[in-house]
Amino acid sequence: QVRLVESGGGLVQAGDSLRLSCAASGRTLSIYNMGWFRQAPGKEREFLAAITWSGGSTYYADFVVGRFFISRDSAKNTMYLQMNSLKPEDTAVYYCAVRPPTERSGISGYKYWGQGTQVTVSS
């Protein structure tokens, strides 16, 4: 099993930047793809970005392109999400997740999840 711990969330003002981290431990060889998701109060969980662990190929939701950037440090088993020009509508709980090699694409393929980290953006 893969264990995930997010960090880096907090309270910021509109226009600020945050860098979220997701540290993976356990059976890290099970990682094929890692992704970032968020869920705002009263809304569905939404996909933000993903990265292929071996090759580093990245995928982004259209609405974050050019503003959010995903990366990983394989040696540290850590994934990052750099968020720039934050807006109040970015306020949500941010989750990292792992998709094992045997699982299909899409949110249903992500089998391991972190506890989430709160990001609050004030006006």
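A salt bridge is a side-chain nitrogen of Lys or Arg within 4 Å of a carboxyl oxygen of Asp or Glu. In this predicted model, Arg-38, Glu-46, Arg-67 and Asp-90 are linked in a network of such salt bridges.

Arg-38 has a relative accessibility of 6% and counts as buried, because buried means under 20% relative accessible area. Glu-46 has a relative accessible area of 29% and is partly exposed. Arg-67 forms a salt bridge with Asp-90, with 2.7 Å between the closest N and O atoms. This pair links distant parts of the chain: Arg-67 lies in the loop between β6 (58-60) and β7, Asp-90 lies in the loop between β8 and β9, and the two are 23 residues apart. Both Arg-67 and Asp-90 are buried.

Another salt bridge joins the side chains of Glu-103 and Lys-111, at 3.9 Å from N to O. The pair still counts as a salt bridge because the cut-off is 4 Å. Glu-103 is partly exposed at 27% relative accessible area, and Lys-111 is partly exposed at 43%.

The next link is of another kind. A disulfide is a covalent bond between the sulfur atoms of two cysteines. The model has one disulfide, formed by Cys-22 and Cys-96, whose sulfur atoms are 2.0 Å apart. The link of Cys-22 and Cys-96 is right-handed, with 65 degrees about the S-S bond. It too connects distant parts of the chain, since Cys-22 belongs to strand β3 (residues 18-26) and Cys-96 to strand β9 (residues 92-99), 74 residues apart. Cys-22 is buried, with a relative accessible area of 0%, and Cys-96 is also buried, at 0% relative accessibility.

Strand β3, which holds Cys-22, leads on to a sheet. This open sheet has four strands in the order β1-β3-β8-β7, with antiparallel pairing. β1 (2-7) and β7 (68-73) stand at the edges; each has a single partner strand, so one side of each is left without a neighbour in the sheet. On average, neighbouring strands of this sheet are turned by 20 degrees against each other, direction ignored. At one end of the order, β7 pairs with strand β8 (residues 78-83) in the antiparallel sense over six bridges. Arg-72 stands opposite Met-79 in β8.

Conventions:
Residues are numbered from 1 along each chain as its sequence is written. This is a predicted model: local features need pLDDT of at least 70, side-chain atom pairs count only at pLDDT 80 or more; totals for chains, interfaces and linings use all residues. Side-chain values use heavy atoms; hydrogens and water are left out. A disulfide is a pair of cysteine sulfur atoms within 2.5 Å. Buried means under 20% relative accessible area, exposed over 50%, partly exposed in between (1.4 Å probe, protein chains only). Two strands pair if DSSP finds at least two bridges between them. Axes are lines fitted to C-alpha atoms, for helices over the stretch in contact, and angles run from 0 to 180 degrees between N-to-C directions.
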